[in-house]
Amino acid sequence: TAAPLALTAAVHAATLAAVLALPGSGRLIAAGYVAAVAGIVLACPVWLIRMMAFKEQINGPWDEAKPDLSLLKGGRAREARVDREGGQGVGF
């Protein structure tokens, strides 16, 4: 919803206003704050997504789960439902 986004924007605006009110180097600190927030919110996620192309395949209990997208398309949804209900299902 829009409430968390509005709260986040209000907190950032209040922080910028407070920093800009500082005497002396308030603008420099505000520029650093904006750069840090932009880096965390924009640059880091883009960098992580680009780095996923270089991920080595690791198979083990510590590796991330791979979602089975065929369940969303209805391909194996019936088999999964039968398996959950205690009938004869297909092992995944």
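The model is predicted, with local features needing pLDDT of at least 70, side-chain atom pairs counting only at pLDDT 80 or more, and totals for chains, interfaces and linings using all residues. Residues are numbered from 1 along each chain as its sequence is written, and side-chain values use heavy atoms, without hydrogens and water.

**Chain**
- The protein chain has four helices and zero strands, where helices (H or I, at least four residues) and strands (E, at least two) are DSSP runs numbered from the N terminus.
- Of its 92 residues, 5% count as buried (under 20% relative accessible area, 1.4 Å probe, protein chains only).

**Helix H2**
- H2 bends by about 40° at Gly39, the angle between axes fitted to the seven residues ending there and the seven starting there.

**H1 with H2**
- The axes of H1 (residues 2–20) and H2 (residues 26–51) come within 8 Å and cross at roughly 155°; axes are lines fitted to C-alpha atoms, for helices over the stretch in contact, and angles run from 0 to 180 degrees between N-to-C directions.
- H1 is therefore roughly antiparallel to H2 (over 145 degrees).
- Contact (heavy atoms within 4.5 Å) involves residues including His12 and Leu16 of H1 and Tyr33 and Val37 of H2.

Methods. Angles under 35 degrees count as roughly parallel, over 145 as roughly antiparallel, 65 to 115 as roughly perpendicular and the rest as oblique. Buried means under 20% relative accessible area, exposed over 50%, partly exposed in between (1.4 Å probe, protein chains only).
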